[in-house]
Structures are given as structure tokens and as C-alpha cells.
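Please walk through the fold and the charged pairs of this chain with the model open beside the text.

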Amino acid sequence: MPQTQVDSLVGETAVALEEIPAGGVGKAELRGSSWSARNLGESPIQLNQRVRVERIDGLTLDVRA
């Protein structure tokens with residue numbers, strides 16, 4: 001299965017739908033869809049904070065503030 005469509009989301013900006021602890025998983029919105037999001041950073045991501053998509057692992061966005 002080609003990954004090009006998903007890979008094109010890397011570098012996009014998503015918005016946290018809840019607080020996501022450092023190293024934890026929560027929900028983020030990207031292009032109108034809700035995704036699981038893993039916080040790769042060392043500090044929590046706040047509700048409605050913009051985050052950068054660094055990688056996509058299945059249906060989980062790896063994000064950093």
C-alpha cells in the first residue's frame with residue numbers, strides 16, 4: 001500500500017483536542033479528522049495547542065509542540 005498520501009501529512013500542523021502528557025498519547029485534529037497523537041516532546045501539550053506532525057505510525061500521529 002503506498003504511503004505517499006499519509007507521508008504528505010508529515011510537517012502539517014495539528015491541534016490538540018485534549019491535554020497530552022509528555023511521552024503520552026491523546027487526541028489531535030488534523031485536516032478535520034480526529035487522530036490519536038503521541039507527544040514526542042518533554043513537556044505536556046495543552047488543549048487547543050498547535051503541534052507539528054513529525055511522523056505517522058499507523059493511525060497515530062507522532063507530534064511535537
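**Charged pairs and the barrel**

Arg-64 is partly exposed, with a relative accessible area of 33%; buried means under 20% relative accessible area, exposed over 50%, and partly exposed in between (1.4 Å probe, protein chains only). The model is predicted, so local features need pLDDT of at least 70 and side-chain atom pairs count only at pLDDT 80 or more, while totals for chains, interfaces and linings use all residues. Residues are numbered from 1 along each chain as its sequence is written, and side-chain values use heavy atoms, with hydrogens and water left out.

The side chain of Arg-64 meets that of Glu-54 in a salt bridge, 3.3 Å from N to O. Arg-64 belongs to strand E5 and Glu-54 to strand E4, so the pair ties together parts that are ten residues apart in sequence. Glu-54 counts as partly exposed because its relative accessibility is 31%. A salt bridge here is a side-chain nitrogen of Lys or Arg within 4 Å of a carboxyl oxygen of Asp or Glu. Side chains of opposite charge can pair when their charged atoms come close.

The strands themselves form a closed barrel of five, in the order E1-E2-E3-E5-E4, with mixed pairing. On average, neighbouring strands of this sheet are turned by 55° against each other, direction ignored. Strands (E, at least two residues) and helices (H or I, at least four) are DSSP runs numbered from the N terminus, and two strands pair if DSSP finds at least two bridges between them. Axes are lines fitted to C-alpha atoms, for helices over the stretch in contact, and angles run from 0 to 180 degrees between N-to-C directions. E3 and E5 run parallel and are joined by four bridges. Ser-36 stands opposite Thr-60 in E5.

In soluble globular proteins, nonpolar side chains tend to be buried together.

Not counting residues up to four places away in sequence, Asp-62 touches residues including Arg-52, Arg-55 and Asp-57, contact meaning heavy atoms within 4.5 Å.

Arg-38, Arg-55, Asp-57 and Asp-62 are linked in a network of salt bridges. Within this group, Arg-38 forms a salt bridge with Asp-57, the closest N and O atoms being 3.8 Å apart. Arg-38 lies in strand E3 and Asp-57 in strand E4, 19 residues apart. Arg-38 is partly exposed at 25% relative accessibility, and Asp-57 is partly exposed with a relative accessible area of 44%.

The structure holds five salt bridges. One of them joins Arg-31 to Glu-12, with 2.8 Å between the closest N and O atoms.
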